[in-house]
Amino acid sequence: MGVKTDLQPKYGERRTRLPPGPWNLSRAEKREVCNSFYGMKVPEGYSSNIKNLVSLQDSRLLGLKSHDCHTLMQQLLPVAIRSVLEKPARYAITRLCFFFNAICAKTVDVSKLDKLEEDVIVTLCLLEKYFPPSFFDIMVHLVVHLVREVRLCGPVYFRWMYPFERYMKVLKGYVQNRTRPEGCIAERYIAEEAVEFCTQHVSDVSTVGVPSSQKMGVSKPLSGCTNTEEVLPYIEQHMIHIKTAYPKFRKRTKWLQDKHNSTFIQWLLFKVQSELEEDNHGVSENLRWLAAGPNMAVPLYRSYLIKGIKFNIKAQDDVRTTQNSGVYLLAQTMQVASAKDKNPILSNMGFYGVIQEIWDLDYQKFTIPVFRCDWIDSSGLVVDELGFTLVDLSKIGHRNDQFVLASQVKQIFFVDDPMHRGWSVVLSMPNREYNDVIGDEVLGDVIIDCEPFTRGMPNVDTFDELVGELGGQNIRDGCEDIWIE
């Protein structure tokens, strides 16, 4: 019939050989995928330690829990298989991973569900072209109905079992007498509730289990902290002041910005002091302390917990099995074509970095944590055809502007790219579930928004061209449309 001629048996003089299918991995490819998983370090609370799930001797993954499988399918598998399999089969698997990442989003655009449902049908058709019929059992077929389930029941994270499974582990930890497990759980639960209730009526105490950061040393502080909402009106006034004082440089945007950065702190202190001398000045207490500057002794920390997200410095990550030092900043900055360009363009630009130090600036009445980061230079940043962001961690730039407010960054982590040695793929921590609770804070409401792959799931605009090469219909993957800022 002329179907799959490349998979027909090869008849030799002594034996008949069956060629490997497009889904088969050679020993070298299996070893490469396992090595990729073995070297992954993910943020704390992201998943199990992937290194403990890999058997390099057998080239297998062992002991995966349901959440580990979900994590691999959603983000890690597309990275691990980047250098193996044939291109059409690899892209078909990647499309399926994109789909699972889309339906598990914290925010779902209902108008895009029809397009997403059409795309997953095409994805399953692509899988049928490369995988054997025995692969397509009822579980694979049920993927078609997941979008309809989202349309009827709402986002997936409201309904999956992971929060309840985690809490079941807590309840099982209450058991001390295995002959009376229910009694142990009930007694420990009542005792914990009573202690938590009493702490609400006792001053200057903290509940058990909340870690405290460790003080590591003393260093010099920043000259000031200017990226707060109360300071923004003064930034605009200072720019007007500079343009008035230096009319010859009104059109030189870069010069004005440099002048603003070098003189704003002193100008703000003088401006606030002059306003305080007036009646009904309207200067807030926070702004007064900001203008006065921080304490000259600054504590340094190895770890810092912000809105339920733990950040570590790079030195702390080097001795741990987790990775919490990667950060991403979306900032409005001036972009120039060359050093001689006198007309820079002001636009949003993403910066990727690694935390080297964590400073806690003390302004007497409050403290502001800031990170000193090594930011990746633009020459070490590439976006491939599937939208994966690749960075070269050895190319450090922006050495004159290394500090950033801790509240302005999103946590990311880096995974070694198996396709391009020396480069790393940027992944980011997905949003926590609504049921995740640390202390008294519901993380679903307070955690910073964070797209699954920093800039959203890889933009697959090139799939029209790719699927055309595979002989399929001309389509466009709509997974990136499901993410709403």
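Strands here are DSSP runs of E with at least two residues, and helices are runs of H or I with at least four residues, both numbered from the N terminus. Two strands pair if DSSP finds at least two bridges between them. This is a predicted model, so local features need pLDDT of at least 70 and side-chain atom pairs count only at pLDDT 80 or more, while totals for chains, interfaces and linings use all residues. Residues are numbered from 1 along each chain as its sequence is written, and side-chain values use heavy atoms, leaving out hydrogens and water.

Let's start with a hairpin. Strand 7 (residues 303-306) runs antiparallel to strand 8 (residues 309-312), and four bridges join them. Take L305: its bridge partner in strand 8 is K310. Two residues sit between the strands, and in this hairpin K307 takes a positive phi near 55°.

Now hop over to a pair of helices. The axes of helix 3 (residues 87-103) and helix 4 (residues 113-130) come within 9 Å and cross at roughly 150°. (Axes are lines fitted to C-alpha atoms over the stretch in contact, with angles from 0 to 180 degrees between N-to-C directions.) Angles over 145 degrees count as roughly antiparallel, so that is how helix 3 and helix 4 lie to each other.

Which residues of helix 3 meet helix 4? Among them are L96 and F99, and on the helix 4 side the partners include L126 and Y130; contact means heavy atoms within 4.5 Å.

Finally, look at T94, which also lies in helix 3. T94 is buried (under 20% relative accessible area), with a value of 2%. Leaving aside residues up to four places away in sequence, T94 touches P78, I81 and L386.

Technical notes
Parallel < 35°, antiparallel > 145°, perpendicular 65-115°, else oblique. Buried < 20%, exposed > 50% of the residue type's maximum accessible area, 1.4 Å probe, protein only.
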